[in-house]
Amino acid sequence: MGRIDELLASALAEGRDCIGQIALRTRSEGGYRLTHRDDVGRDDLRVSQTPESAREIATYDDAGVYRPLKTAPNLRHGWALHLPDLAAVRAALEYFYPAALALWLAERDGRLQPTAMRETLGRQTGMYRVTGLLTDPQAEALVGELCAQTRCLRAMRWTKTPGGERIASLPATKFDPEHDPAGAGARVMPLLCAEMCNLVVAEARPVVKAAQAAAAAAASPAPAAAG
Ligand code: SF4
């Protein structure tokens, strides 16, 4: 059994049977059952038996809209995955929540090295190089909105600068891996965020560009009055 499978086994033994919006249960027939947490008691779910089914389930929300952020709290309902062993569960969870178990294992081992926001923005190239000019107030507003628990279930482990302050516009629960992001108080397997994701970096660009345009407009001389 690999280390991540061992992590899953110990998590279940500890009673951590939820991850994000997913409930993980053992089956009396053997193996495991994954469902949306809202669907645990339902017996009318569409059942699949391969980990790869998770890829399609995770791609669209209940309304059929593409989910660019897999940790957004809009996981589709109405499905169940019946899987034979923890290796299959691990593979399915990798589709649902990419890298989540590896990040948690790294944190448990004391190996997780989050990348500070300034490092992430500072290494951008091409059209995103300008995001390095994002000011702290702009970052607080942007991250406070895009990373709020209503938008993303990950617990933030990165800070603004290496070893520095965290984003002050987010509540303390956003930084607590033990907090159940679904608000149900369950013991969860955490979803960790080790660095600002590409979606937030992409949204930083128009913020900086708009501020630059506003500054340029304010600095340019007013046209002379006709006459
Ligand atoms: S930066 Fe992290 S917490 Fe924020 S939206 Fe991206 S994955 Fe979620």
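The model is a predicted one, so local features are reported only at pLDDT of at least 70 and side-chain atom pairs only at pLDDT 80 or more, while totals for chains, interfaces and linings use all residues. Residue numbers start from 1 along each chain, following the sequence as written.

Starting with the overall picture, the C-alpha atoms of the protein chain fill a box of roughly 90 × 40 × 30 Å along the principal axes. Of the 227 residues in the protein chain, 27% are buried. Here, buried stands for 20 or more other C-beta atoms within 10 Å of a residue's own, exposed for 12 or fewer, and partly exposed for anything in between, with C-beta atoms placed from the backbone. Contacts are counted when two C-beta atoms, placed from the backbone, lie within 7 Å. Among those between residues at least 6 apart in sequence, 72% join residues at least 24 apart.

The protein chain splits into domain 1 (3-108) and domain 2 (117-217), with bounds that come from an automatic or database domain assignment. Their C-alpha centres sit 25 Å apart. Across the boundary, 19 residues of domain 1 are in contact with 16 residues of domain 2. On the domain 1 side, β1 (18-19) and α4 (100-108) each supply at least two of the touching residues, and α4 gives the most, with four. By class, that side of domain 1 has 11 nonpolar, four polar and four charged residues. The classes are simple: Ala, Val, Leu, Ile, Met, Phe, Trp, Tyr, Cys and Pro count as nonpolar, Asp, Glu, Lys and Arg as charged, and the others, Gly among them, as polar.

Next comes the sheet. Six strands form an open, mixed sheet in the order β4-β5-β3-β2-β1-β7. The edges are taken by β4 and β7 (188-189), each with a single partner strand, so one side of each has no neighbour in the sheet. Pairing requires at least two DSSP bridges between two strands. Strand β5 (residues 79-83) pairs with β3 (residues 32-36) in the antiparallel sense, over four bridges, and Thr35 has Ala80 of β5 as its bridge partner. With β4 (residues 46-48), β5 pairs in the parallel sense over three bridges; there, Ser48 stands opposite Leu81 of β5.

As for the helices, α1 (residues 3-13) has Leu7, Leu8 and Ala11 buried. Seen down the axis, the buried residues of α1 fall within an arc of 100°, so they line one face of the helix; the arc is that of the directions from the helix axis to the C-beta atoms. Glu6, Ser10 and Ala13, on the other side of α1, are exposed. The buried residues of α1 pack against α3 (86-96), α4 and β7. After α1 comes Gly15, with a positive phi near 85°. A positive phi, about 70°, also turns up at Ala99, although Ala99 is not a glycine. Ala99 belongs to the loop between α3 and α4 and counts as partly exposed, with 13 C-beta neighbours inside 10 Å.

In α6 (residues 136-146), the buried residues are Ala139, Leu142 and Val143. They span an arc of only 90° around the axis, which puts them on the same side of α6. The buried residues of α6 pack against α5 (117-122) and α7 (198-219). Within α7 lies Asn198, which is partly exposed, with 13 other C-beta atoms within 10 Å. Asn198 and Thr120 are 78 residues apart in sequence and 9.6 Å apart in space, C-alpha to C-alpha.

Finally, there is the ligand. Its surroundings consist of Thr71, Leu146, Cys147, Cys152, Arg154, Met156, Cys193, Met196, Cys197, Leu199 and Val200, where a residue qualifies if its C-beta atom, placed from the backbone, lies within 6 Å of the molecule. By class, this shell has nine nonpolar, one polar and one charged residues.
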